[in-house]
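Q: Could you walk me through reading a fold, one feature at a time? I would like the general idea and then the case at hand.

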Amino acid sequence: TRDLGNDTLVVFVHGGSWTSGTHKDALFGGHAWLGRTLASGPDAVATAVVSYPKGSLWRSLLGNSDRTYIPKQVDSIVRTLMELQALTCARTTVMIGHSAGSHLAASLAMVNMPSNLYTFMGASGIYDPETMEHQPWPVGAVMKTLYLDPVFGGHYTDFFVPVKAAR
């Protein structure tokens with residue numbers, strides 16, 4: 001991130017099924033490319049592409065699911081966001097998320113919304129994880145085994161379901 005004298009901070013949270021990925025992943029130079037693009041040019045804004053602690057697929061497959069990953073992930077993003085806001089003196093924050101990162105950013109926006117969070121934009125987000133589990137076989141079983149159980153442990157609360165929190 002860099003302070004460009006603009007009062008807006010854009011924070012992008014990458015995807016990765018809550019269990020993988022970093023800010024460097026994706027095609028054409030990764031999500032870091034998005035950050036560099038937003039932070040350059042005549043309309044540049046302070047931009048950060050952030051990462052978060054990952055859940056463990058292998059622990060889940062061995063029956064040791066840890067339901068604390070989502071709170072840890074959201075808390076990590078909140079701490080990073082606060083540090084970035086202090087560094088940039090941003091008065092307005094825009095959160096952007098992709099896939100699992102979109103779910104985490106939406107959870108933050110719906111539950112722990114910082115007072116200066118102006119908007120949230122999500123791309124390909126999982127805003128209601130329960131619906132993934134109940135997809136027809138084999139999709140639902142695969143989603144449950146590979147994506148939901150490693151992080152949610154099969155237990156969903158309103159905090160982790162942005163669609164329900166918005167109602």
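A: Helices (H or I, at least four residues) and strands (E, at least two) are DSSP runs, numbered from the N terminus. In helix α6, the buried residues are G140, L148, D149, P150, V151 and F152. Please keep in mind that this is a predicted model, where local features need pLDDT of at least 70, side-chain atom pairs count only at pLDDT 80 or more, and totals for chains, interfaces and linings use all residues. Residues are numbered from 1 along each chain as its sequence is written, and side-chain values use heavy atoms, with hydrogens and water left out.

Q: Where is the kink in α6 centred?
A: The bend at a residue is the angle between axes fitted to the seven residues ending there and the seven starting there. Helix α6, residues 139–152, has a kink of about 40 degrees centred on T145.

Q: How many helices and strands are there in the protein chain?
A: The protein chain has seven helices and four strands, and along the sequence they follow the pattern β-α-β-α-α-β-α-β-α-α-α. Of its 167 residues, 46% are buried.

Q: What is the strand order in the sheet?
A: Strands of a sheet pair through backbone hydrogen bonds, either parallel or antiparallel. Two strands count as paired if DSSP finds at least two bridges between them. Here the four strands form an open sheet in the order β2-β1-β3-β4, with parallel pairing. The edge strands, each pairing on one side only, are β2 and β4 (117–123).

Q: How many bridges join β1 and β3?
A: Six bridges join β1 and β3, and V10 has V94 in β3 as its bridge partner. On the other pairing of β1, five bridges link it with β2, where F12 stands opposite V49. Strand β3 (residues 92–98) also pairs with β4 over six bridges; the partner of I96 in β4 is M121.

Q: Which residues lie on each side of β1?
A: In a regular strand the side chains alternate between the two faces of the sheet. For β1, T8, V10 and F12 are on one side and L9, V11 and V13 on the other, and all are buried.

Q: Which strands does α3 touch?
A: Contact means heavy atoms within 4.5 Å. Axes are lines fitted to C-alpha atoms, for helices over the stretch in contact, and angles run from 0 to 180 degrees between N-to-C directions. Helix α3 packs on the sheet, touching β1, β2 and β3, and its direction makes about 155 degrees with that of β1. Helix α1 (residues 31–38) lies across β1, β2 and β3 and runs at about 170 degrees to β2.

Q: Which residues have the most contacts inside the largest nonpolar core?
A: A nonpolar core is a set of buried Ala, Val, Leu, Ile, Met, Phe, Trp, Tyr and Cys residues joined through side-chain atoms within 4.5 Å. The largest one has 27 residues, and W18 and M95 have the most contacts inside it. Its largest share, six residues, comes from α3. Leaving out residues up to four places away in sequence, M95 touches residues including V11, I77, L81 and F120. A second, separate core of six residues includes V10, F12, V45 and I96.

Notes: Buried means under 20% relative accessible area, exposed over 50%, partly exposed in between (1.4 Å probe, protein chains only).
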